[in-house]
Amino acid sequence: MLLQDLVRTSEKVATTSSRRGKIDLLAALMSRLPPDDVVVGVRFLAGEPRQHRLGLGPSAIRSVAASPAEHAMLTLTDVDHALQRIEDTPAGSGSRTARLAAWADLLGRARPEEQAWLVRLVLRELRQGALAGVLLPSVAQAAAVPERAVRRAAMRNGDLARTAELALTGGQDALAAVGLVVGVPVDPMLATTAADLAEALAGQTPALVETKLDGARLQVHRDGCDVRLFTRTGQDVTERLPEIVATARSLPTNRVVLDGEVVAFDTDGRPRPFQETMQRIGRDLTRVQREIPVELRAFDVLHLDGVDLLDEPLATRRAALHHVVPEALRADGVVTDHLDVALDFTREVLTAGHEGVIVKALDDPYAAGRRGASWRKVKPVHTLDLVVLAAEWGSGRRRGWLSNLHLGARVEGSDTEVADADGFVLLGKTFKGLTDEVLAWQTEALLARETRREGHVVHVRPELVVEIALDGVVRSSRYPGGVSLRFARVRGYRPDKLAQDVDTLATVRAVHTGSRLPAMG
């Protein structure tokens, strides 16, 4: 196929606001792609050529000027081969000049509109709205196969372009034959939120009630001695987690794909803040490995010794998980259909420092990349009454209003050394949960209580009490009390309460240690 045909479609897709219109345009083009052009064509439409590094920076790419061709002559294969030649240019003296010459040669064979499009393609700047959510149904429409069959295959092989090739050349039978590829990340199954345990258990007879770990989602792929670790977004973090690699190699299996979490724990076994786990994944390994050791907690198995388990019910996958992963490396859970049992287990989970539970249907398969009712997460909400110590002027839509609230707890007893002059200690900030009406009211109320200003921060007399909902309390070296609020949001002001009625730092610490649990109903 000529590049010109794809470019014209790409430009039409970019200017079409309707999702249905985008799908129709893309499907029409895909149905005309010759079999040998399908993979390259779909990659181009996704704005992701298969070449990862051309050895030329954005300024170099944009600096090349070439007289355009008079007639459309470039094919998709021509472009792919030219980009590959640039990527394959050996490093060394003269390599940059050679790459620039090859890039100029490619542009010289392109029409003006094709030149501009090629620059955006190699810079990953197409922004034409042809993302996977649109390309996938377009493939299904072009191949006249069910969308779920395309989605299933793409989730297993991790390559929409190859999936499109299978769909357009082999139809539904070819898609059905696609299996999970060990070493290629699978989009994780996701959970929806339930208001409480009763809602999550409704219709489940029985269900798995499992610890919701506050770590980083991790997919473990092992093929013999080769282990690869992938985050929720498919990022390869194998080199950053050597202890998890060692754990995977210790399992009594040869080929396995596990779904789980990587979690940092304190010496007493309580989970450390989520941010510390993420620091461990994102920072230099040599020092952080000693400071933030992490462990694997697996909760699902997607493949075991040559057998794909994605389509098997959770009960079967869980049996396989118990067979291959020791109890110490698994997420805790209990199978029940009794609310009282689920409540007792949830209390144990919260006391141990975890953030909640996930209720999972035992009869359902692993819905890769989907968020459905089969997994329901329940995160009991803590509430605290706190005092407003200061507020920050907002920006953007909130410009002109005092928005970000500085929240404090009352200090008493042995904690007085961390208190301010009024007997309170700062725990954190939040601007979430505030309507425009509340923002306007609180700006006036806080300015009436202003004591001093520091830049964009207005300090106030500690008189206004606000009820705060939060997911938990985490250890923090940033605040004098040693703890801070996790995902705090405003439920409402409490005019019926005085500053001396707010919760104490001791109460906040009790939330952190698990000795004060939220109401679960």
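What is the volume of the largest cavity? About 300 Å³.

## Basis

This is a predicted model, in which local features need pLDDT of at least 70, side-chain atom pairs count only at pLDDT 80 or more, and totals for chains, interfaces and linings use all residues. Residues are numbered from 1 along each chain as its sequence is written, and side-chain values use heavy atoms, with hydrogens and water left out.

## The largest cavity

The whole structure holds 2 cavities of 30 Å³ or more. A cavity is a set of points, on a 1 Å grid over the protein atoms alone, where a 1.4 Å probe fits but cannot get out; lining residues have an atom within 4 Å of a point. Grid points are joined across faces, edges and corners, and a volume is the space filled by probe spheres set on the points.

The largest cavity has 20 lining residues. G353, H354, G472, V473 and H512 lie nearest its centre. β17 (472-475) and α18 (505-513) each supply at least two lining residues. β17 gives the largest share, 4 residues. Helices (H or I, at least four residues) and strands (E, at least two) are DSSP runs, numbered from the N terminus. By class, the lining has 8 nonpolar, 5 polar and 7 charged residues. Ala, Val, Leu, Ile, Met, Phe, Trp, Tyr, Cys and Pro count as nonpolar, Asp, Glu, Lys and Arg as charged, and the others, Gly among them, as polar.

## The second largest cavity

The second largest cavity has a volume of about 30 Å³. Its lining is P188, R217, L218, Q219, F230, T231, R232 and D259. β3 (216-223) and β4 (226-231) each give two or more of these residues. β3 gives the most, with 3.

## Helix α7

Helix α7 spans residues 112-122. Its buried residues (under 20% relative accessible area, 1.4 Å probe, protein chains only) are E114, Q115, W117, L118, V119, L121 and V122. Their cover includes α1 (3-14), α3 (38-45), α4 (58-63), α5 (76-88) and α6 (95-108). R124 follows α7, with a positive phi near 55°.

## Helices α1 and α2

α1 and α2 (residues 19-30) pack at about 170°, with axes 9 Å apart. Axes are lines fitted to C-alpha atoms, for helices over the stretch in contact, and angles run from 0 to 180 degrees between N-to-C directions. The two helices are therefore roughly antiparallel (over 145 degrees).

In contact (heavy atoms within 4.5 Å), D5, L6, T9, K12, V13 and A14 of α1 meet K22, L25, L26 and L29 of α2. This contact has 6 nonpolar, 1 polar and 3 charged residues.

Note on methods:
On a 1 Å grid over the protein atoms alone, a cavity is a set of points where a 1.4 Å probe fits but cannot get out, and a pocket is an open set with protein on both sides within 12 Å along at least five of seven lines; lining residues have an atom within 4 Å of a point. Buried means under 20% relative accessible area, exposed over 50%, partly exposed in between (1.4 Å probe, protein chains only). Angles under 35 degrees count as roughly parallel, over 145 as roughly antiparallel, 65 to 115 as roughly perpendicular and the rest as oblique.
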